[in-house]
Amino acid sequence: MRSIIFGLMMLPMMALGQTLEECRQAAERNYPLIRQYGLIEKTTDLTVSNIQKGWLPQVSASAQATLQSDVTAFPDQMQQMYRSMGIEMEGLRKDQYRVGIDVQQMVFDGGNIKSQKAIARQQGEVRAAENEVNMYNVRKRVNEMYFGLLLLDEQIVLNKDLQEQLLQNEKKLASMLKSGTAAESDYQNVKAERLNVVQQATGLQAQRKALARMLSVFCGLTPDPSLNGGEIIPVKPAVQEALQYLRPSIQGGDGGGSRPELKAIDAQLRLADAQEKALDAALMPKLGVFAQGFYGYPGYNLFEDMMSRKFSWNGMIGARFIWNIGALYTRKNDKASLNAQRSTLNIQKETFLFNNNLEQIQQNEDIERYRKLMSEDEEIISLRSNIRKAAESKLSHGIIDVNDLLKEITNENVAKVQLRVHEIEMLKEIYDLKYTTNN
């Protein structure tokens, strides 16, 4: 039912085309790693819950049977004295048996459990942050495919325009051929060029179909086959709107501080802090109470067990104070290791910001370069269009041959392609800059 509802919701979008933001959101929902967020949270909760159980009474049961080479016994003189009194002291048996239960309850652990819970939670944050980095890379991949698809669409449109232009000249030459004012070779030359352009269109359509299929699978979209052959229809972002949105970034050239890579490094730094607190907790003393009980032979009353050799119930309760200073031996090295880890992470952070800033500078310069190229492209197209029209007129009057006309038609088409290429590349750079700064 959910898939049906989602499909119905997607129909309007498929009919009108898919924006870059819609594709990005769909890709993030569809990417397998999205399911890992819930698994990380669940694993972290289970780990913390297990650590918290350290405050519960620790109960252990045991059973043992032993055969000793020797046992505690009265001296021979004392045994003779007891025999003279009519008392037989058999002494302890060498085979001994015990079945018991040991219960221990932590009262004070010096903050060890608390620090371990903090470490577990922080480890979960680190894994979630690293997963966020992988998810963020999805945007980059969507950008590449989306703008590649847009560029192919622009080339297909220009290819159709070129076909139409060549077809018009082909018809004109066919009319001139009938009137005897044009050679058949000129007509065939234009027709061959038009068919060559048609062949190029077939290649462009094949490339588009493959790329659209890749993008739809990546985004988890299943467009209606009745709409554009079932392929994704990208919507070209408005150039002025994109430039206006990124105006502060283009002028300032800063940003990138909200990238998930930096958040992942910060999470690792907080983990190092939690681990350092755990080192302090490891030095604290621990206090607990315990209760022990067993049924077996011998018991705590050895004198009676020497005489009767009977199984008995025995028990003990008490408190236990433990202060293990062994952590002092490695504390200095452990802290030095954590400090080295922090230094490494800070270097990684500085390196990322440095490279990120360089990337922004390059992208800003590329955007400005494409804007200038587009302005020049428009002027070139205007000139090439006038030259092509003049060439058509000259061909009609027999001043030039068809090869000269084809050359001017090609030059005009190349200029138009360059404008569209520069426009798409500039838009891609703008959205790559958004990716770089995480705006």
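## Ground rules

Helices (H or I, at least four residues) and strands (E, at least two) are DSSP runs, numbered from the N terminus. Keep in mind that this is a predicted model: local features need pLDDT of at least 70, side-chain atom pairs count only at pLDDT 80 or more, and totals for chains, interfaces and linings use all residues. Residue numbers start from 1 along each chain as its sequence is written, and side-chain values use heavy atoms, with hydrogens and water left out.

## The chain as a whole

By that DSSP bookkeeping, the protein chain comes to 12 helices and 4 strands. Its C-alpha trace spans about 155 × 45 × 40 Å along the principal axes. The radius of gyration is 42 Å, whereas a compact globule of 439 residues would come in near 22 Å. (That radius is taken over C-alpha atoms, and the globule rule is 2.2 Å times the number of residues to the power 0.38.)

Contacts here mean heavy atoms within 4.5 Å. Of the contacts in the protein chain with a separation of 6 or more, 86% are between residues 24 or more positions apart.

## Surface and charge

Buried residues make up 37% of the 439 in the protein chain; buried means under 20% relative accessible area, exposed over 50%, and partly exposed in between (1.4 Å probe, protein chains only). The protein chain exposes about 25600 Å², with carbon and sulfur atoms supplying 55% of it. Those areas come from the Shrake-Rupley method with a 1.4 Å probe, and for residues only the protein chains shown count as cover.

On the charge side, there are 53 positive and 54 negative side chains, and the centres of the two sets lie 4 Å apart. Lys and Arg count as positive and Asp and Glu as negative, while His and the chain ends are not counted. Each charge is placed at NZ of Lys, CZ of Arg, CG of Asp or CD of Glu.

Arg 259 sits in the loop between helix H8 (247-252) and helix H9 (260-282). With a relative accessible area of 5%, Arg 259 is buried. Its side chain makes a polar contact of 2.9 Å with that of Glu 261. (A polar contact is a pair of N or O atoms within 3.5 Å; within protein, one must be able to donate a hydrogen and the other to accept it, and residues adjacent in sequence count only if both atoms are side-chain atoms.) Leaving aside residues up to four places away in sequence, Arg 259 touches Tyr 136, Phe 352, Asn 356, Tyr 435, Thr 436 and Asn 438.

Another loop, between strand E3 (286-297) and helix H10 (302-308), holds Pro 298. The peptide bond joining Tyr 297 and Pro 298 is cis, with omega at about -5 degrees.

## Helix residues and their distances

Leu 395 lies in helix H11 (residues 327-396) and is buried at 7% relative accessible area. Leu 395 and Met 316 are 79 residues apart in sequence and 116 Å apart in space, C-alpha to C-alpha.

Leu 39, in helix H3 (residues 36-52), counts as exposed at 53% relative accessibility. Between Leu 39 and Ala 128 there are 89 residues of sequence separation and 9.7 Å in space, C-alpha to C-alpha. Ala 174, found in helix H5 (residues 112-179), is partly exposed at 23%.
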